[in-house]
Amino acid sequence: MKTKLTKRLRILCGEIPVCDIFADVGCDHGYCTQYTLEHGLCRKAYISDISAKSLQKAETLLAPYIAEGRVESVCCAGLEKIPREAEAVMIAGMGGEEIISILKNGFLPQKLLLQPMQNVPKVRAFLLENGYAILRDFTFQDGKYYDVLFAERGGAGRKYDARSIEFGYDNLHSPSEDFRLKVEEDITKCRARLERAGKPVPAVEERLRVLAEIRDEIARGV
Ligand SMILES: C[S@@+](CC[C@H](N)C(=O)[O-])C[C@H]1O[C@@H](n2cnc3c(N)ncnc32)[C@H](O)[C@@H]1O
C-alpha cells in the first residue's frame, strides 16, 4: 500500500542515509521504515516503540517485511532492545531531553537522524560533545517549525560556534525561506513579550538583538 507522507515525514525520509541496519526508535506508525525499505536504503530494519499500541500500527503496516525477516519489531524504552550493530538510528518527534536520555542510557550509533521537538541546542551540544559531526542541521515548516539533525560519529565536522549551536548550522550558513520566516516570527514574539512586560527584560532584549542581527545578515546575503 502506498503511503502519502506529510511534508514533515517527507523531509525526514529524505535525510535517511543508506545503511546496513536501520532502526526507528519511537516509530509509532512505521512510515519512515516503510520508506527506507521501499527505497532500498537498508538491508534490515528494527522498529521500536515504548507503547505496544503504537508499535502495533507499524507491525500492521510492515507485516510483509516482518514475515520475510527484513523487519524486527521490539517493544522497549529507547535503545534497550536495539542491537548495537544498528548503523543508522532515527529518533523523531520526541523532546530533546528525552532523545539525549535515550542515547545516554543506550549506545551511540554510527549515524543518527534526529528530529527533536524541543531543546534542540542541547541536542546539538550533546552530539558535538560525544564525537559526532553534524552534517545536516536545518529548520523547516509544516504547520509548525521543526528541526532536523543528521550526525555521524567521527570524521571531519563543520565548525560549530555558540550561534550555530543555538540556531542550527545550515540555518545560519545557507538560510532557507522557512528559517527566515521563523526568525521574523520570533522577533515579533520577543517584541510582544517586551510590550506585555512593560519594563526591560534583559534576556528577551538580548534574544531580540541576536535575532535582528540574523535577520539583517540574511537580508544582506551574508
Ligand atoms: C510523536 S510520536 C513520533 C512518531 C514518529 N517517530 C514520527 O516522527 O512521526 C512519538 C513516539 O515515540 C514513542 N516514545 C516516546 N518515548 C519513547 C521512548 N523513551 N522510547 C521509545 N519510544 C518512545 C511514543 O510512544 C510515540 O509513539
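Biologist: At what angle do helix α5 and α6 pack, and how far apart are their axes?

Modeller: Helix α5 (residues 96-105) and α6 pack at an angle of about 25°, and their axes are 8 Å apart. Axes are lines fitted to C-alpha atoms, for helices over the stretch in contact, and angles run from 0 to 180 degrees between N-to-C directions. This is a predicted model: local features need pLDDT of at least 70, side-chain atom pairs count only at pLDDT 80 or more, and totals for chains, interfaces and linings use all residues. Residues are numbered from 1 along each chain as its sequence is written, and side-chain values use heavy atoms, with hydrogens and water left out.

Biologist: What makes α5 roughly parallel to α6?

Modeller: The angle is about 25°. Angles under 35 degrees count as roughly parallel, over 145 as roughly antiparallel, 65 to 115 as roughly perpendicular and the rest as oblique. So α5 is roughly parallel to α6.

Biologist: Which residues make that contact?

Modeller: From α5 come G96, E97, I100, L103 and K104, and from α6 come K122, V123 and F126. Contact means heavy atoms within 4.5 Å.

Biologist: Why are α9 and α10 called roughly antiparallel?

Modeller: Helix α9 (residues 177-197) and helix α10 (residues 202-220) pack at about 150°, with axes 9 Å apart. Anything over 145 counts as roughly antiparallel. Therefore α9 and α10 are roughly antiparallel to each other.

Biologist: What classes of residue meet in the contact of α9 with α10?

Modeller: Eleven are nonpolar, none polar and eight charged. Ala, Val, Leu, Ile, Met, Phe, Trp, Tyr, Cys and Pro count as nonpolar, Asp, Glu, Lys and Arg as charged, and the others, Gly among them, as polar. F179 and I187 are among the α9 residues, and R207 and I218 are among those of α10.

Biologist: What makes a space a cavity and not a pocket?

Modeller: On a 1 Å grid over the protein atoms alone, a cavity is a set of points where a 1.4 Å probe fits but cannot get out. A pocket is an open set with protein on both sides within 12 Å along at least five of seven lines. Lining residues have an atom within 4 Å of a point.

Biologist: What volume has the largest cavity, and which residues line it?

Modeller: Its volume is about 50 Å³. N171, L172, P175, F179, I214, E217, I218 and V222 line the largest cavity. Helix α10 gives the most, with three residues.

Biologist: And what is the volume of the largest pocket?

Modeller: About 310 Å³. The largest pocket has 19 lining residues, and V120, D147, E166, K182 and R207 lie nearest its centre.

Note on methods
Helix = DSSP H or I, 4+ residues; strand = E, 2+ residues; numbered from the N terminus. Points joined across faces, edges and corners; volume = space filled by probe spheres on them.
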